[in-house]
Number of protein chains: 2
Amino acid sequence: MRKDAQINQQKILTAARQLFAARSIETVSMKDIATAAGIGPGTLYRHYAHKSTLCLALVTDRVATFIKTNQVYLTTTSVGAAARFDHVIGEYLAIREHNMALLMNVEAGEPGRRQFYQSELYQQLCDLLTQLVHDLKPTLSKPVCEFQADMLIAMLKGTSYAFQRQWRGRSQSELLAQLHALMVTE
Amino acid sequence: MRKDAQINQQKILTAARQLFAARSIETVSMKDIATAAGIGPGTLYRHYAHKSTLCLALVTDRVATFIKTNQVYLTTTSVGAAARFDHVIGEYLAIREHNMALLMNVEAGEPGRRQFYQSELYQQLCDLLTQLVHDLKPTLSKPVCEFQADMLIAMLKGTSYAFQRQWRGRSQSELLAQLHALMVTE
DNA sequence: ACCTTAAACGGAGTATACTCCGTTTGTCAA
DNA sequence: TTGACAAACGGAGTATACTCCGTTTAAGGT
């Protein structure tokens with residue numbers, strides 16, 4: 001990548017982070033971000049084809065770290081499957097909580113824009129949770145575990161998670177307990 | 001409601017149905033709909049505050065019928081809980097299949113626009129599925145059943161359902177079987 | 001029949017996501 | 001150092017969701 005492009009990419013991410021920290025994402029226009037980054041709208045779109053793509057870029061690192069950390073966790077821990085579930089899902093809930101607005105925008109970049117499900121991140125996240133489900137229920141086949149991982153992600157996705165937290169008023173730990181009850185059949 | 005308003009409302013619904021049948025929802029603009037209905041954009045928005053609201057109006061009848069029919073079913077059938085689950089969820093999947101595009105638009109009218117979760121329809125759907133879960137697992141408390149109903153809806157919502165059908169390539173009946181395995185712990 | 005008025009209408013206007021394309025610039029080989 | 005060119009830039013332009021407000025009209029009372 002050309003050096004000027006690299007610099008602009010950083011300027012965009014920095015500007016977006018600052019603006020999104022100051023006001024809600026919907027109230028920040030792409031033009032605002034371009035202006036704050038000191039570039040033209042065309043350049044902004046050259047780097048991030050959609051607003052939701054930009055949001056994805058802002059959370060990719062954190063989610064990728066979560067995935068890697070917990071991949072290692074799953075292969076090194078000696079605790080039982082149920083405890084692993086609580087640990088991994090607990091951390092996942094924490095990430096969703098801290099990045100709720102951004103993640104909602106990433107996942108809302110649909111329909112028409114496959115964004116979320118097409119991202120490499122989804123595949124990795126799904127693999128991680130598939131492993132988790134497999135540890136929990138070793139008798140189930142790979143595709144069945146994958147399905148349950150898909151469902152786990154769907155349950156905690158964008159507006160669904162926000163609904164549980166804000167409308168239903170369920171806390172993170174309550175959600176974890178409920179999910180445990182649903183998924184961990186002992 | 002004034003008579004002219006009633007007439008316009010019908011004209012809008014008819015025009016929208018026709019246009020949505022001919023081309024995909026995203027390619028039909030609100031102006032297109034207004035023009036086809038022979039009214040101004042302002043009038044269209046007076047009736048339906050957002051495109052997603054209009055989409056909701058177009059599916060409300062069918063979903064409401066589904067809910068009522070299955071409420072009756074649950075109180076009159078004599079088959080076991082597991083068979084009830086298959087029946088109700090099977091029909092729910094069929095409705096999602098036949099109205100995938102519209103429902104995706106309804107449910108995508110977020111974030112910012114609470115649309116789906118705030119609709120009376122959601123409450124009724126949730127009540128129905130809560131009952132279904134309760135029949136399945138009578139020992140669980142009401143809030144726990146409600147949570148699992150929420151999750152059931154989330155699992156089959158908008159982009160999640162489309163992902164399973166189109167990317168994962170799972171058929172309706174396969175989804176039903178998987179959901180059965182996940183939710184019906186016998 | 002006529003007046004009143006709240007409700008409904010319509011379309012010009014606004015905001016913003018995203019595109020197009022002519023211009024500029026970093027990079028690299030000669 | 002220079003020339004060539006792919007890559008990147010920028011901003012005017014387009015499309016469209018949604019708003020605002022002056023105008024019109026249905027409907028009920030007199």
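Contact here means that the C-beta atoms of two residues, placed from the backbone, lie within 7 Å.

This is a predicted model, in which local features need pLDDT of at least 70, side-chain atom pairs count only at pLDDT 80 or more, and totals for chains, interfaces and linings use all residues. Residues are numbered from 1 along each chain as its sequence is written, while chains are lettered from A and ligands numbered from 1 in the order in which they are written.

**Symmetry.** Two copies of a chain are related by a rotation about an axis and a shift along it. Here a rotation of 180° with 0.0 Å of shift along its axis superposes chain B on chain A, with an RMSD of 0.0 Å. That is the relation of a two-fold axis. In chain B, the C-alpha nearest the axis belongs to B:M155, 2.8 Å from it. The superposition is by least squares on the C-alpha atoms of residues with pLDDT of at least 70 in both copies.

**The DNA side.** There are 23 residues around DNA strand D, and A:N8, A:I39, A:G40, A:G42 and B:S29 come nearest. A residue is near the strand if its C-beta atom, placed from the backbone, lies within 6 Å of it. These helices each supply at least two residues of the surface near DNA strand D:

| Chain | Helix | Residues |
|---|---|---|
| chain A | helix 1 | 3-22 |
| chain A | helix 3 | 41-47 |
| chain B | helix 1 | 3-22 |
| chain B | helix 2 | 30-37 |
| chain B | helix 3 | 41-47 |

Helices are DSSP runs (H or I, at least four residues), numbered from the N terminus. Helix 3 of chain A gives the most to this surface, with four residues. By class, the surface near DNA strand D has eight nonpolar, seven polar and eight charged residues. Asp, Glu, Lys and Arg count as charged; Ala, Val, Leu, Ile, Met, Phe, Trp, Tyr, Cys and Pro as nonpolar; the others, Gly among them, as polar.

**One residue in chain A.** A:I95 sits in helix 5 (residues 81-98) of chain A. A:I95 counts as partly exposed because it has 17 C-beta neighbours inside 10 Å. On this scale, 20 or more other C-beta atoms within 10 Å make a residue buried, 12 or fewer exposed, and counts in between partly exposed, with C-beta atoms placed from the backbone. A:I95 touches A:R62, A:V63 and A:F66, not counting residues up to four places away in sequence.
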